[in-house]
Amino acid sequence: MFINNKDTITAIATPNGIGAIAIIRISGKLCFKIVSIFFVSKENKQITELKPKTMHLGLIKQKKKIIDQVFLCLFKKPFSYTGEDLIEIYCHGTLYIQNKILKLLIDNGARLANPGEFSLRSFQNGKIDLIKAESLSELFKAEDELAHSLAIKNFNGKFSIFLKEIRQYIIYLNSLINVALDFDEDNISEFNYKKFRNTLVVLITKIKRTILGFQQNNLLKKGYYLVLVGRPNVGKSTLFNLLLKKERSIVSNLSGTTINYIEEDYFLKGIKYRIVDTAGIQPTKNPTNKLYIKGINKTYETINSADLILVIKDKIEKDLEQDFQRYRNKQIIIIINKCDLLKKKIISKNKYILISAKYRIGLERIKKQIKEKMNKRLNYKKDNIINNMRNYECLKKVLLTLIKIKKTITNYLTPEILSFLLREANYHLGKITKIVTNDEILNKIFSTFCLGK
Ligand SMILES: Nc1nc2c(ncn2[C@@H]2O[C@H](COP(=O)(O)OP(=O)(O)OP(=O)(O)O)[C@@H](O)[C@H]2O)c(=O)[nH]1
Ligand SMILES: [Mg+2]
């Protein structure tokens with residue numbers, strides 16, 4: 001679509017709309033020439049005489065008419081984000097001024113850039129590698145603290161360092177094979193089998209750990225599934241609304257108010273969850289109401305995919321978990337609601353949390369428990385440095401090839417075959433960072449960027 005880096009491109013880099021200031025970018029061969037047509041610096045200097053990477057005050061003029069007073073910063077090739085001559089104009093943020101300046105640039109020979117085109121040029125001119133570009137893309141999508149910290153980590157090269165280390169391991173394994181290849185076929189014992197195997201195991205463990213971190217993180221990005229379940233009328237929807245701080249689910253004193261489950265994003269201490277309010281489960285064994293049966297089936301479906309179940313009750317029973325025996329393998333928090341109706345004063349025990357959703361009592365205890373229960377899983381995030389699915393897939397292929405090698409070395413494979421398999425692993429590894437010539441992949445990565453980036 002936009003793999004043409006001969007044109008001079010321009011775009012408004014700040015968000016669409018009115019603001020105090022707006023930034024307009026222009027990059028390419030004709031950049032200085034185009035801007036000098038209508039920029040008059042306060043120092044009365046030509047654009048090319050202005051000091052790079054410094055703010056310069058001046059006027060934007062169309063013939064004699066002043067359009068705006070602006071600051072301008074120029075970057076000379078190759079010392080710019082795109083690697084080309086680049087100018088940023090900081091103008092006042094009215095829509096009229098932004099569009100007027102943009103129009104002046106386009107009328108004088110620039111082309112409106114596509115989303116991500118500045119970054120694409122940066123990549124094509126070797127200023128950023130593919131991992132950095134992809135991390136940038138992830139940075140723009142990051143909605144919560146976790147996604148942001150991962151993207152920023154990779155922007156600073158953590159994943160690249162990891163890949164370098166993996167490559168070193170593969171080079172070392174290859175060197176062990178090469179020693180064997182230098183000897184003749186009958187002299188296979190020269191191949192240091194034990195060293196090869198041990199190194200391979202270390203390498204496999206390293207990659208496995210990283211892959212596991214990504215799988216866990218991916219789950220986190222989608223949000224952990226918190227499901228509110230219980231008998232009808234116990235206050236599930238009241239609690240759901242209270243956690244979300246909005247009247248999302250209908251609350252009433254009629255049993256069976258919630259028929260279909262309702263799902264919403266819920267953020268707690270920077271972590272994203274999906275929280276689900278479900279239809280209350282009736283105690284009757286063989287229900288006949290078709291609508292109710294449908295609703296309940298949905299409730300059980302959500303329970304099956306839950307990471308944490310919040311069981312709500314409105315009285316303290318002997319065996320609090322009796323209805324949920326079959327979900328014993330799931331994490332559960334038991335909540336006794338409507339504590340305001342209790343005659344005796346009872347305090348929360350380890351087994352359950354006493355709350356009153358209606359009177360907003362005990363909410364903090366629930367939040368604390370959610371955090372504690374999920375913490376074990378959240379720890380995985382520390383290991384995760386893979387920035388996206390494409391790289392995950394490539395790394396998985398590297399891992400599968402290495403596992404194949406590990407399985408087959410016991411069959412006394414010749415060093416030639418091992419060398420061939422190692423090359424295959426290296427090929428998949430290379431796909432993560434190598435220059436991608438496929439326009440489709442490049443488009444996919446860069447088109448997720450904002451305009452002007
Ligand atoms: N006294 C008291 N009443 C509550 C409390 N929480 C909820 N209620 C009331 O209990 C009734 C049922 O609340 P809902 O939140 O609709 O209950 P539910 O579990 O979603 O019910 P279903 O959707 O029918 O399964 C409403 O009249 C609420 O106002 C509480 O803490 N104390
Ligand atoms: Mg309800």
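**View 1. Ligand 1 in its pocket.** In this predicted model, ligand 1 sits in the second largest pocket. There are 23 residues around ligand 1, and K236, S237, T238, G256 and T257 are those that come nearest. By residue class, the shell around ligand 1 is made up of 13 polar, six nonpolar and four charged residues.

**View 2. Polar side chains next to ligand 1.** This view turns to individual atom pairs between side chains and the ligand. In the side chain of T258, a polar atom lies 2.8 Å from an oxygen atom of ligand 1, and an N or O atom in the side chain of S356 is 3.0 Å from an oxygen atom of ligand 1. For N337 the ligand atom is a nitrogen, which lies 3.1 Å from a polar atom of the N337 side chain. Taken on its own, ligand 1 has 660 Å² of accessible area, of which the protein covers 92%.

View 3. Strand 2 (residues 21-27) pairs with strand 6 in the antiparallel sense, and seven bridges are found between them. On this pair of strands, I23 has Y90 of strand 6 as its bridge partner.

**View 4. Strand 3 beside strand 4, with the loop that links them.** Strand 3, covering residues 39-41, and strand 4, covering residues 56-62, pair in the antiparallel sense over three bridges, and F39 stands opposite I60 of strand 4. The loop between strand 3 and strand 4 contains N44. Although N44 is not a glycine, its phi is positive, at about 55°.

**View 5. The hairpin of strand 4 and strand 5.** Strand 4 and strand 5 (residues 65-75) run antiparallel and are joined by seven bridges. Along these two strands, L59 stands opposite Q69, which belongs to strand 5. The hairpin has two residues between its strands, and K63 takes a positive phi near 55° there.

**View 6. The cis peptide bond at P78.** The peptide bond that joins K77 and P78 is cis, with omega at about 0°. Within the chain, P78 is found in the loop that runs between strand 5 and strand 6, the latter spanning residues 86-92.

Methods:
Residues are numbered from 1 along each chain as its sequence is written. Chains are lettered from A and ligands numbered from 1 in the order in which they are written. This is a predicted model: local features need pLDDT of at least 70, side-chain atom pairs count only at pLDDT 80 or more; totals for chains, interfaces and linings use all residues. Side-chain values use heavy atoms; hydrogens and water are left out. A residue is near a molecule or strand if one of its heavy atoms lies within 4 Å of it. A polar contact is a pair of N or O atoms within 3.5 Å; within protein, one must be able to donate a hydrogen and the other to accept it, and residues adjacent in sequence count only if both atoms are side-chain atoms. Accessible areas come from the Shrake-Rupley method with a 1.4 Å probe; for residues, only the protein chains shown count as cover. On a 1 Å grid over the protein atoms alone, a cavity is a set of points where a 1.4 Å probe fits but cannot get out, and a pocket is an open set with protein on both sides within 12 Å along at least five of seven lines; lining residues have an atom within 4 Å of a point. A molecule sits in a cavity or pocket if more than half of its atoms lie within 2 Å of its grid points. Ala, Val, Leu, Ile, Met, Phe, Trp, Tyr, Cys and Pro count as nonpolar, Asp, Glu, Lys and Arg as charged, and the others, Gly among them, as polar. Two strands pair if DSSP finds at least two bridges between them. Helices (H or I, at least four residues) and strands (E, at least two) are DSSP runs, numbered from the N terminus.
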